Amino acid sequence: MEINKVLNILKEEIVPALGCTEPIAIAYVSAKAKQILGVLPEKLDIYVSGNMIKNVKSVTIPNSNGMIGIESAVALGVSAGNCDKELMVISCLDNEDIKKAQDYLDTHEINVIHDNTDVKLYIRVEAFSKDESAIVEIKHFHTNITRIEKNGEVLIDQICNDFDFKTTSEDRSMLTIKSIYDLAKSINTKIVEPIFEQVIELNSNIAKAGLSEKFGVNIGSLIQKNMNNGVYGKDIRNKCVSFTAAGSDARMSGCSLPVMTTSGSGNQGMTASLPIIKYSQEKNLSKEKLIRGLIFSHLSTIHLKTNVGRLSAFCGVMCAASAVSGAISFLEDADYDTVANSITNSLGNISGVICDGAKASCATKIATGIYAAFDSSMLALNDKYLQGGDGIISSNVEDTIKNIGVLSQSGMKKTDEVILGIMQNKNKE
């Protein structure tokens, strides 16, 4: 693989964000609509896909004093957000800004409309003030603006294939587990060190906050507590699970610390990084080896998510956890076949886990995924792996990943609709 293309992919896919990326994307688009309009809108209509509704419904927005929901994300973005900061759009809010957002909610009209689109990640904000109007639309990526209008005049109209999740400059089809393995083994780590130093710093900080403070269900800190009182063993597996889940505990419950996201998700970013960081610390591995492990884990997550899609009924954390299973074997100096078999074992185990929105329970799913990653790596390191023809498993890891893509995009399409119906109390049976 060409190093420059890989660097572009990493820079596009691993970016900082404050809070769950779906409500933050709504705040971003709303702030952008206000910027285009030029004044504070008197009224906003926001059109969103079902997956956006699902992922914003229950998660606490950071820097908001506990605000939840699409309308809150709109109000925060439009009243006090800085769209130039993209996914850090509300990172600098103070108490006065939050009061402005709450006042805006009380005094202005915000209409949320479920847009029946096949695009999983879709937001369109239409802002109005007297005779002025502005429209901002994004598709597929959280900051991928595809259309901007002001007073009916089209300012930006980007062609964006609704079946193409690779809306940025580099083609993700160049990625394979073998090419990722070879790159992670051979690359000069100094080239990517700045990216992964930021990953290590930001994601470790929020994990530490999750261990020391009360957030969500606190599964991360409770695993640690049970390690200390003898219920759980003080082994590397439990330590990695505790550390990783704690980051999600904090992030899903409104912690104001930013994280480095991967493939559009902070939970995926933390899952792809925190167990590798903790594993390397416990094993006293060199910084260079840690970064090689992070390269493998992140690029493998990106590869898997490219097949699954940005948003889906398929839990994206399971993609990252499957990548982690390969990364653990990679850190143990396993050969390519063993690393690939580790990923196959994970995909054959946890691919049925659903995404039912961003919320506190995401941390419990992360714990499940990382526990499974250790099991999958352990099996492969002992030359035990799932065989082609076992359910959705194919004869090689790349064909298995393709099967996961078909499962998530076609097989789970109805599942996604049913999940959203349950969350909106629309199902009668």
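Predicted model: local features only at pLDDT ≥ 70, side-chain atom pairs only at ≥ 80, totals over all residues.
**Exercise 1.** Which strands does β6 pair with, and in what sense?

Solution. 
Step 1. Locate the strand: β6 covers residues 145-150.
Step 2. Look at β5, residues 132-139. It pairs with β6 over 5 bridges, in the antiparallel sense.
Step 3. Check one position. A134 faces K150 of β6.
Step 4. Turn to β7, residues 153-157. It is joined to β6 by 4 bridges, again antiparallel.
Step 5. I148 has I156 in β7 as its bridge partner.

**Exercise 2.** How many residues lie between the strands of each hairpin, and which turn residue has a positive phi?

Solution. 
Step 1. Take the β5 and β6 hairpin. There are 5 residues between the strands. In this turn, H140 has a positive phi of about 70 degrees.
Step 2. Take the β6 and β7 hairpin. Here 2 residues lie between the strands. N151 in the turn has a positive phi of about 50 degrees.

**Exercise 3.** Describe the largest nonpolar core and the contacts of F196.

Solution. 
Step 1. Give its size: the largest nonpolar core has 80 residues.
Step 2. Find the residues with the most contacts inside it. They are L10, V192, F196, I295, F296 and L299.
Step 3. Ask which element gives the largest share. Helix α12, residues 316-331, supplies 10 residues.
Step 4. Set aside neighbours of F196 within four places in sequence. F196 then contacts L10, I14, I291, L294, I295 and H298.
Step 5. Look beyond this core. Another core lies apart from it, with 47 residues, including V74, V89, L121 and L420.

Technical notes:
Residues numbered from 1 in each chain as written. Heavy atoms only, no water. Pairing = 2+ DSSP bridges. Core = buried A, V, L, I, M, F, W, Y, C linked by side-chain atoms within 4.5 Å. Buried < 20%, exposed > 50% of the residue type's maximum accessible area, 1.4 Å probe, protein only. Contact = heavy atoms within 4.5 Å.
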